[in-house]
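Below are some notes on backbone geometry and helix packing, for checking against the model.

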Amino acid sequence: MIDFKLPSLGADMDEGKLLQWHVKPGDSVKRGQVIAVVDTSKAAVDVECWDDGTVHQLIVQPGQTVPVGTVLATLLAPGEVATAAAPAPAAQSPAVPMPVQAVAATSAAAAPVAAAATRPAVSPSARKRAQELGVAVDALKGTGAQGAVTLADVEAAAAQGAGAPADRAPAMRRAIAAAMSRSKREIPHYYLSETIAMANALAWLQQRNEGQPITERILPAVLQLKAVALALRRVPQLNGFYRNDAFEPSQAVHTGVAIALRGGGLVAPALHDVQAKPLALLMRELADLVQRARAGSLRSSEMSDPSITITNLGDQGVESVFGVIYPPQVALVGFGSVSVRPWLVEGEVRAVPLLTASLAADHRVTDGHQGALFLAELRELLQSPEKLETS
C-alpha cells in the first residue's frame with residue numbers, strides 16, 4: 001500500500017486545502033499524472049502522483065484543509081491486491097510536532113464538510129485566454145451554464161485588473177513573511193556581488209535574434225538562467241538542500257524563478273534541468289511558466305523541488321537585489337538591470353552596459369571563497385554567450 005501525502009509546495013506552506021480529485025477508487029494512475037488540485041496561500045496547484053498504481057481510498061475530501069504530510073489517499077502498488085475492506089482512516093498528520101494552527105486545521109478537517117469546494121468549470125477557450133492574460137480563473141465567478149467561466153468572464157476580469165481572490169494576497173504576504181523570517185533566523189546568510197560587463201552578451205543576443213519572429217527571440221534573462229546553471233558545475237555546493245543538519249546536493253539544476261503575481265505577492269516555481277536545455281527551449285518554458293503562474297495553473301513538481309532560486313528585478317530598473325534564501329535551498333542569485341555606466345576598458349574609461357549579479361548563500365555549506373568562485377565563473381560565461389547556446 002502506498003500513501004499519497006500532501007507535499008510541501010514551498011517553504012512558506014504549512015497546510016493546504018483539497019479542492020478537487022481527478023481520480024476515483026479503482027482508477028489506474030501513472031507517476032507524474034495530475035490527480036488532485038490543492039489550494040495553498042499562493043495558488044491552486046495541480047498535484048501529481050509520485051508512483052504508478054491503482055487508487056484504493058480517497059481519505060481527504062474536497063473542502064478539507066490539512067497539514068503538509070497528511071495522507072490524502074492510498075494506492076495499491078502494481079500487482080498488489082486489496083485486502084478485506086477496512087474503514088477509511090481519518091486524515092493523518094505527520095508524526096512531527098505541529099504548530100497550534102496546524103492542529104486546529106486538522107481538527108477542522110475531521111468535521112463533515114457542508115459543501116465540496118471545487119474548481120469552476122472553464123471552457124477551453126477561456127482557460128487559454130486566461131493563461132495569455134495572466135488571469136486566475138479559479139477566482140472568477142462564471143456567468144455560463146451552471147456557473148462555468150466563459151471567455152467573456154476572463155476578458156472582463158482582465159480589463160478590471162481582477163483574477164486573484166481578494167483574500168489571497170494578505171494570506172500570501174503572511175506566508176512569505178513567515179518563511180523569510182524563518183530563513184533569516186535559521187540560515188547564516190552571507191552576501192557577495194559582482195559587476196559584469198554585458199557588451200558581448202547583448203551584441204551576441206542582438207545578432208542571434210535578428211530576423212527571428214518575436215515568439216522565437218531570446219531575452220537576456222534566459223542567458224542569465226543558463227549561465228547560473230553552468231556556473232554551478234564549478235561550485236555544486238550552492239545547488240541543493242540543507243536538511244537534517246546536512247547538505248544534500250542536487251544532481252540537476254532546477255532553477256526557481258521568482259515571479260510577481262498580478263494580485264500581489266510572488267511565487268518561485270522551478271524550471272527543470274536548466275543546465276541541459278538549449279536557450280530556445282528555456283525561453284519557451286520560461287514564458288509558459290510565467291503565464292501559468294499568473295493564471296494560477298502550476299504543478300506540484302514545479303513548486304516542491306527548486307534547488308536554487310533566481311530573482312531578477314532588472315525590468316523594474318533596480319541596479320542590484322540581495323535576496324533571502326528559500327529554505328531548504330542554500331543559495332539565491334539576484335540580477336539587477338543592465339545599465340550603461342563608466343567602466344575601465346584597456347586603460348580607458350568607456351560607457352559600458354553593466355549588470356550587477358548578487359549571491360546570497362548559506363554559511364553552513366559554503367563560504368565566501370566558494371561564492372566568489374561561482375560569481376567569477378558566472379562572469380566568464382556571460383563574456384562568451386555562444387558557449388551558453390552549445391553547452
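Which loop holds Pro328? Pro328 lies in the loop between strand S17 (308-312) and strand S18 (331-335).

This is a predicted model, in which local features need pLDDT of at least 70, side-chain atom pairs count only at pLDDT 80 or more, and totals for chains, interfaces and linings use all residues. Residues are numbered from 1 along each chain as its sequence is written, and side-chain values use heavy atoms, with hydrogens and water left out.

1. Most residues other than glycine have a negative phi, and most peptide bonds are trans. The peptide bond from Pro327 to Pro328 is cis, with omega near 5°.

2. Asn244 is not a glycine, yet has a positive phi of about 50°. Asn244 sits in the loop between strand S10 (240-243) and strand S11 (246-249). Its relative accessibility is 74%, so Asn244 counts as exposed (over 50% relative accessible area, 1.4 Å probe, protein chains only).

3. Asp273 also has a positive phi, near 55°, and is found in the loop between strand S15 (270-271) and helix H7 (279-294). With a relative accessible area of 30%, Asp273 is partly exposed (between 20% and 50%).

4. The axes of helix H6 (residues 220-231) and helix H9 (residues 368-383) come within 9 Å and cross at roughly 130°. Contact (heavy atoms within 4.5 Å) is made by residues including Leu223 and Ala227 of H6 and Phe374 and Glu377 of H9. The residues of this contact divide into nine nonpolar, no polar and one charged.

Conventions
Axes are lines fitted to C-alpha atoms, for helices over the stretch in contact, and angles run from 0 to 180 degrees between N-to-C directions. Helices (H or I, at least four residues) and strands (E, at least two) are DSSP runs, numbered from the N terminus. Ala, Val, Leu, Ile, Met, Phe, Trp, Tyr, Cys and Pro count as nonpolar, Asp, Glu, Lys and Arg as charged, and the others, Gly among them, as polar.
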